[in-house]
Each structure stands twice: as structure tokens, then as C-alpha cells.
Amino acid sequence: MNGRVDYLVTEEEINLTRGPSGLGFNIVGGTDQQYVSNDSGIYVSRIKENGAAALDGRLQEGDKILSVNGQDLKNLLHQDAVDLFRNAGYAVCLRVQHRLQVQNGPIGHRGEGDPSGIPVFMVLVPLFALTVVAAWAFMKYRQQL
């Protein structure tokens, strides 16, 4: 491993219908409360169990919300973002940025000690034993001729 973490960034539009407990998630961030260093964006901090976001299943903790009903969330104070969500109406369209951590190195690579890989000796020892038995059987067969 090279110590570097790579991310795959994707965007998605998510339409939620406000439920009895609102949209069903909490937010952090804003120009006055940066959640991520050098980024004043609005992020999902918690998905409430059985809320609209949890029932939909696409919004995840850590996602960055780019817009609400087409209104950009850049350069907003935290409270202004909260007010925007509260006044967004019954049907809410979110533009969301997902940031997924991806595996470093070639696909399918297994590191040392990875329990899901088969150790080499587990293949070589039975193969060697089979070869010895086959050689012994061949020698016995030749002696009988």
C-alpha cells in the first residue's frame, strides 16, 4: 500500500417526501461551522432510523448536499441551510455528492494474511503428495511387467 486513500466521487439526484419526522436526517457544515477543512459545504451527519431518508436508502452519512430544490448550498451559514431544509416543502429534490473510498492497487489483489485468500502451501502440499503417490503407483506397475 502506498498510504494514499483514493475516492470515487459521484453525484445523484434524490427525491424525498417529507414524513412525520421531517426528511429524516441531520446536517453539519456551513461557512460558520466547517465540517471538512477548507470546505464550507453542507454534509449529512446522521440518518434517522425509519425517517424518509432511511426508507429511501440512497442518502448516506457523510454525503455532501449540493442543492435543495435547485437552490445551491454554497456559501451558506449553517442556520440558513437548516432554514432552507425546513422550508423546502413536502416533496424535496436533493442534489447529493457521494464520496466512496476505493481500494488501492490492482483489483483482486490479496494482501498477506488475508483470510479470504488460499495460502500457497495449502495447494502445493496436496499436489506434491498426489505426485508422490502417482510416481509410486507407476513404479509398482512397471515392476509387475
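A salt bridge, for my notes, is a side-chain nitrogen of Lys or Arg within 4 Å of a carboxyl oxygen of Asp or Glu.

**Entry 1: ground rules.** I'm working with a predicted model, where local features need pLDDT of at least 70, side-chain atom pairs count only at pLDDT 80 or more, and totals for chains, interfaces and linings use all residues. Residues are numbered from 1 along each chain as its sequence is written, and side-chain values use heavy atoms, with hydrogens and water left out.

**Entry 2: salt bridges.** I searched the whole structure and got 4 salt bridges. In one of them, Arg 58 meets Asp 56 at 2.9 Å, N to O. Arg 58 also forms a salt bridge with Glu 12, with the closest N and O atoms 3.6 Å apart. That pair links distant parts of the chain: Arg 58 sits in the loop between helix 1 (52–56) and strand 4, Glu 12 is in strand 1, and they are 46 residues apart. So Glu 12, Asp 56 and Arg 58 are linked in a network.

Buried or exposed? I checked Asp 56. Buried means under 20% relative accessible area, exposed over 50%, and partly exposed in between (1.4 Å probe, protein chains only). Asp 56 has 29%, so it counts as partly exposed. Arg 58, at 32%, is partly exposed, and so is Glu 12 at 23%.

I looked at Asp 39 and Lys 64 too: their side chains meet in a salt bridge at 3.1 Å, N to O. Asp 39 is in the loop between strand 2 and strand 3, and Lys 64 is in strand 4, 25 residues away. Both of these residues are buried.

**Entry 3: strands and helices.** I counted 3 helices and 6 strands; these are DSSP runs (helices H or I, at least four residues; strands E, at least two), numbered from the N terminus. Two strands pair if DSSP finds at least two bridges between them. Strand 2 (residues 25–29) and strand 3 (residues 42–47) run antiparallel, joined by 5 bridges. Strand 3 also pairs with strand 4 (residues 64–68) in the antiparallel sense, over 2 bridges. There, Ile 42 has Ile 65 as its bridge partner.

**Entry 4: the core.** A nonpolar core is a set of buried Ala, Val, Leu, Ile, Met, Phe, Trp, Tyr and Cys residues joined through side-chain atoms within 4.5 Å. The largest one here has 22 residues, and Ile 65 and Leu 94 are among those with the most contacts inside it. Helix 2 gives the largest share, 4 residues.
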